[in-house]
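Reader: Please take one part of this model and go through it closely. Then set it against the whole chain.

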Amino acid sequence: MSDGTSANIIYRITSWLVDKRLSPLAFITLTLNKWLNGCVIGAGARFGEGLILMHPVGVVINSKVRGGCNLVIESGVVIGDEKGAAPVMGDNVFIGSGAKVIGGITIGSNVKIGANAVVVKDVRDGATVVGIPAREIGSKH
């Protein structure tokens, strides 16, 4: 469907519209992203520079999510809220296809999350996590 460029552009436009208090227009661009790219990225979600959506189909990101710079998100990833709290991610994070990152957890910098992993606990800097529930299999420390 898309390499993610249009999804990222539409998400950035949506965020800009929300910042300018133009929420009705933001709703239109949010819906457009869902139709054109098959993804839902909450208008309030905030990411630093270098966000890459490898294949945006099936990506769902809650509006409360915060992420640093240089995040790579593959298809089918869900980053969601649990009980009013959403993940906060550092810089240089890779999230593999189909992974789920749920709740008020912290994902450190330079982290790799394997395909289909379910992350429900904090992940320290430099770690690689896989599985259901996700467990650390390596780190750069």
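Author: Helices here are DSSP runs of H or I with at least four residues, strands are E runs of at least two, and both are numbered from the N terminus. The expected span of a helix is 1.5 Å times one less than its number of residues. The model is predicted: local features need pLDDT of at least 70, side-chain atom pairs count only at pLDDT 80 or more, and totals for chains, interfaces and linings use all residues. Residues are numbered from 1 along each chain as its sequence is written, and side-chain values use heavy atoms, with hydrogens and water left out.

Take helix α2, residues 23-37. It has 15 residues. From first C-alpha to last it reaches 20 Å, close to the 21 Å expected at 1.5 Å a residue. Five names matter for burial (under 20% relative accessible area, 1.4 Å probe, protein chains only). Ala26, Thr29, Thr31, Asn33 and Asn37 of α2 are buried. The buried residues of α2 pack against α1 (5-19) and β1 (40-41), where contact means heavy atoms within 4.5 Å. Gly38 follows α2, and its phi is positive, near 70 degrees.

Now the whole protein. Its secondary structure comes to two helices and 15 strands. The radius of gyration, taken over C-alpha atoms, is set against the globule rule, 2.2 Å times the number of residues to the power 0.38. The protein has 14 Å, close to the 14 Å that the rule gives for 141 residues, so it is as compact as a globular protein of that length. Along its principal axes the C-alpha trace spans about 45 × 30 × 25 Å. Of the 141 residues, 41% count as buried.

Conventions: Buried means under 20% relative accessible area, exposed over 50%, partly exposed in between (1.4 Å probe, protein chains only).
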